[in-house]
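Please read them with the model open alongside.

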Amino acid sequence: MEKILRAVFRLLADVYFKTVSRNKKKRNYFPATGKVLDEKDLQNLIDASLDMWLTSGRFNNEFEKDFCKFLNVKHSLTTTSGSSANLLAISALSSPLLKDRALKKGDEIITAAAGFPTTINAIVQNGYIPVFLDSELVTYNVKAEDIEKAVTPKTRAIILAHTLGNMFEISKIKSICEKYNLWLIEDSCDALGAESNGKKAGTIGDIGTFSFYPAHHITMGEGGCVVTDNPVLYKIMKSLRDWGRDCVCPTGHDNVCGKRFSQQHGNMPYGYDHKYIYSHLGYNLKITDWQAAIGVSQLKKLPEFLEKRRKNAEFLLNKLSDLQEYLILPKESEGTKSAWFGFLITVKEGQKFTKQQLVEYLENNGIGTRQLFAGNILRQPLYVNNDIHIKIVNSEILHSCDLSDDDYKKLPNTETIMNNTFWVGVYPALGEEELIKTSDLIHKFIGENNR
């Protein structure tokens, strides 16, 4: 009877979704990002609801297994967001389980000044020193040669994002990490499905992080994931995600190890319940099975989503290629296959118009835009209003609240990105009509403002 009732609910979900989607009004505004959902997502969501299992369960297990298979990695752990995935990845590096490779407060981690705050926040929160490097224009990634110049005896790790789905020089940077014995974290939150020489983003470094926020390549609403081939890092991150505990029992299960009451831990009484032994400063960063259920169905559609994003980016690149006198258009990194999150555009210096004017024109005419997130993050209030110890390129340790214009000038391309760069959408729900409108409006604006 249960199977029959579930089948009825799935059929009703199918009818409901298709009926409602047919009646949606045509939009006059096309946002830069958007989720793409169908009846399969709704069916899985209802199926998870019928289980009435309120935390991670069978759908989460299925998703983690399928995600490992898609990326060809050994271990994956879902998290509450891409931001918490970065928190887990960076926090894991201080675990005593890593012995002489464990990071200590005051160690340096190299990163980019142009990007998203939560790629960096966990560096500061763990007491490490972020070393900020400039990005190049066109790919908007940090160059490998700049990273090697920034390595000091205090450097212990690198965390970089593959900017908007365009991979950084992963092979070269991986070689630098091997040369200096550095950890490499790939923030792949905007790059799910990107490839370098046949290997997917997030699988080449020591840890990869991903986001499933609605704007991303697949969505769970909220949610993220960390992946690794390193069993020790996996064990550490699982502990950190699950309150910092030792116990490996899945939610709702007890005594999987068979030694729940027969071990000595720290200074605790012998036989103290292993389910309540904690070895790390952890959190609760698990997702619900509703989220995982949507993730399971979304992941099946990812190849289709990626193909559409790539075609949309190529379409815009062709349509705007005649404007390169005025604009810097994005370029795919050598040897890579990008998973375009958005289409970056930089207004060249010396134009008769500004980025701000072009962005406002597009927004006022129904085309959504986005900045390259924080721009120069060191100019953001969180750094200006707080005394955070940082380094810029090869500087001594600086106080973020005391930075001068000369300090900012050490990041010239990051300053250009902040002032001149924005992006428009290429997500799968956008078709030629929306992309042609985007191109036509940009052409019209430049034509009217370049006389």
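1. The pocket. This is a predicted model, and its largest pocket has a volume of about 560 Å³. The lining of this pocket is made up of 39 residues, and those lying nearest its centre are F116, C189, D190, H216 and F373. Sorted by class, the lining holds 18 nonpolar, 17 polar and four charged residues. Helix 4 (82-92), strand 2 (108-112) and strand 4 (155-161) each contribute at least two residues to the lining of the largest pocket.

2. Overall build. The protein chain contains 14 helices and 16 strands. Its radius of gyration is 23 Å, close to the 22 Å that the globule rule gives for 451 residues, so the chain is as compact as a globular protein of that length. Along the principal axes, the C-alpha atoms fill a box of roughly 80 × 65 × 40 Å. Of the 451 residues, 54% are buried. Among contacts with a separation of 6 or more, 72% are between residues 24 or more positions apart.

3. In what order do the nine strands of the open sheet stand? The order is 1-9-8-5-4-2-3-14-15, with mixed pairing. Strand 1 (75-79) and strand 15 (398-399) are at the edges; each has a single partner strand, so one side of each is left without a neighbour in the sheet.

4. One end of that sheet. Strand 3 pairs with strand 14 in the parallel sense over two bridges, and F132 stands opposite I392 in strand 14. Strand 14 (residues 389-392) and strand 15 run antiparallel and are joined by two bridges. H389 has H399 in strand 15 as its bridge partner, and I390 has L398. The hairpin of strand 14 and strand 15 has five residues between the strands, and in this hairpin V393 takes a positive phi near 55 degrees.

5. A separate point concerns an open sheet of three strands in the order 7-6-11, with antiparallel pairing. Strand 7 (199-200) and strand 11 stand at the edges with a single partner strand each, so one side of each has no neighbour in the sheet. Strand 6 (residues 195-196) pairs with strand 11 in the antiparallel sense over two bridges; within this pair, the bridge partner of S196 is T336.

6. Strand 16. Which way do the residues of strand 16 (residues 421-424) point? T421 and W423 point one way, F422 and V424 point the other way, and all are buried. In general, side chains in a regular strand alternate between the two faces of the sheet. Strand 16 pairs in the antiparallel sense with strand 12 (residues 343-347) over four bridges, where F343 has V424 as its bridge partner. Strand 16 also pairs in the antiparallel sense with strand 13 (residues 369-370), over two bridges; here R370 stands opposite W423.

7. Helix 13. The buried residues of helix 13 (residues 412-420) are T414, E415, T416, I417 and N420. What covers these residues? The cover includes strand 3 (129-133), strand 12, strand 16, helix 10 (355-364) and helix 12 (405-408).

8. A loop residue, E332. This residue lies in the loop between strand 10 (327-328) and strand 11 (336-337). E332 has a relative accessibility of 36%, and so counts as partly exposed. Leaving aside neighbours within four places in sequence, E332 is in contact with N166, K337, S338 and W340. E108 is 224 residues from E332 along the chain, and the C-alpha atoms of the two are separated by 29 Å.

9. A helix residue, N44. Is N44 buried or exposed? N44 has 11% relative accessibility and therefore counts as buried. This residue lies in helix 2 (residues 39-51). Apart from neighbours within four places in sequence, the contacts of N44 are R10, F59, A293, V296 and S297.

Notes:
Residues are numbered from 1 along each chain as its sequence is written. This is a predicted model: local features need pLDDT of at least 70, side-chain atom pairs count only at pLDDT 80 or more; totals for chains, interfaces and linings use all residues. Side-chain values use heavy atoms; hydrogens and water are left out. On a 1 Å grid over the protein atoms alone, a cavity is a set of points where a 1.4 Å probe fits but cannot get out, and a pocket is an open set with protein on both sides within 12 Å along at least five of seven lines; lining residues have an atom within 4 Å of a point. Grid points are joined across faces, edges and corners, and a volume is the space filled by probe spheres set on the points. Ala, Val, Leu, Ile, Met, Phe, Trp, Tyr, Cys and Pro count as nonpolar, Asp, Glu, Lys and Arg as charged, and the others, Gly among them, as polar. Buried means under 20% relative accessible area, exposed over 50%, partly exposed in between (1.4 Å probe, protein chains only). Two strands pair if DSSP finds at least two bridges between them. The radius of gyration is taken over C-alpha atoms; the globule rule is 2.2 Å times the number of residues to the power 0.38. Contact means heavy atoms within 4.5 Å.
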